[in-house]
Amino acid sequence: IAQTQNLAKKDGQFSWFHIIVVSLSLLLTLSAWQYSKQQVDTRTKLRFETARDRALALISDRMNKYEDALWAGVAAVDSHGGDISYPDWRNFAQNLRIERRYPGINGIGVIHFQSNETLETYLKDQQRFRPDFRVFPEHNHSILMPITYIEPVDINAAAVGLDVAHETNRRQAALAA
């Protein structure tokens, strides 16, 4: 019996030792896991921020190229005394090669501001090169802002003659531009 109590006492002493070892091992494991998790989170955050910054730089670069294309259009119109004919615009836009040089731009065009008083003369002038040219849709605003020229015309044919003044957001954007 004394020997059994002695073994039980030894077992009890060993179990405290084991509990301490297991507890310290668990604490060390949890600490290592937390440190590793923080390292992974930090690396992931840095990769994300690097990718984000790169994406923003690429977007900014692309937007600058698109802005350059628009300013080139302004310069082309300006070089013709503030108005450009359809053949001259078409020549400019084809030489700009937006499909290849500016992927993402669906088209580049010219909007002419007109009033109800100038509309008839404007239509006759446009119909010299394009007999089916018309301004649409009808509205009650005092100004008209039809898309007069747009290239490439094949994918944008439905936009030719569209009066952007009929819609509040488009009208405000055109006036702000």
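Ile20 is partly exposed, at a relative accessible area of 48%; buried means under 20%, exposed over 50%, and partly exposed in between, with a 1.4 Å probe and protein chains only. This is a predicted model, in which local features need pLDDT of at least 70 and side-chain atom pairs count only at pLDDT 80 or more, while totals for chains, interfaces and linings use all residues. Residues are numbered from 1 along each chain as its sequence is written, and side-chain values use heavy atoms, without hydrogens and water.

Helix α1, residues 2-79, contains Ile20. With Leu24 and Leu27, Ile20 makes a nonpolar surface patch of about 300 Å². Such patches take residues with over 30% relative accessible area and no salt bridge, nonpolar side chains (Val, Leu, Ile, Met, Phe, Trp, Tyr) being joined within 5 Å and like charges within 9 Å. A salt bridge is a side-chain nitrogen of Lys or Arg within 4 Å of a carboxyl oxygen of Asp or Glu.

The protein has 6 helices and 4 strands, in the order α-α-α-β-β-α-β-β-α-α from the N terminus. Helices (H or I, at least four residues) and strands (E, at least two) are DSSP runs numbered from the N terminus. The radius of gyration is 36 Å, well over the 16 Å of the globule rule for 177 residues, so the protein is more spread out than a compact globule. That radius is taken over C-alpha atoms, and the rule is 2.2 Å times the number of residues to the power 0.38.

| Property of the protein | Value |
|---|---|
| C-alpha span along principal axes | about 120 × 35 × 25 Å |
| Accessible surface (Shrake-Rupley method, 1.4 Å probe) | about 13,000 Å² |
| Carbon and sulfur share of that surface | 58% |
| Buried share of the 177 residues | 25% |
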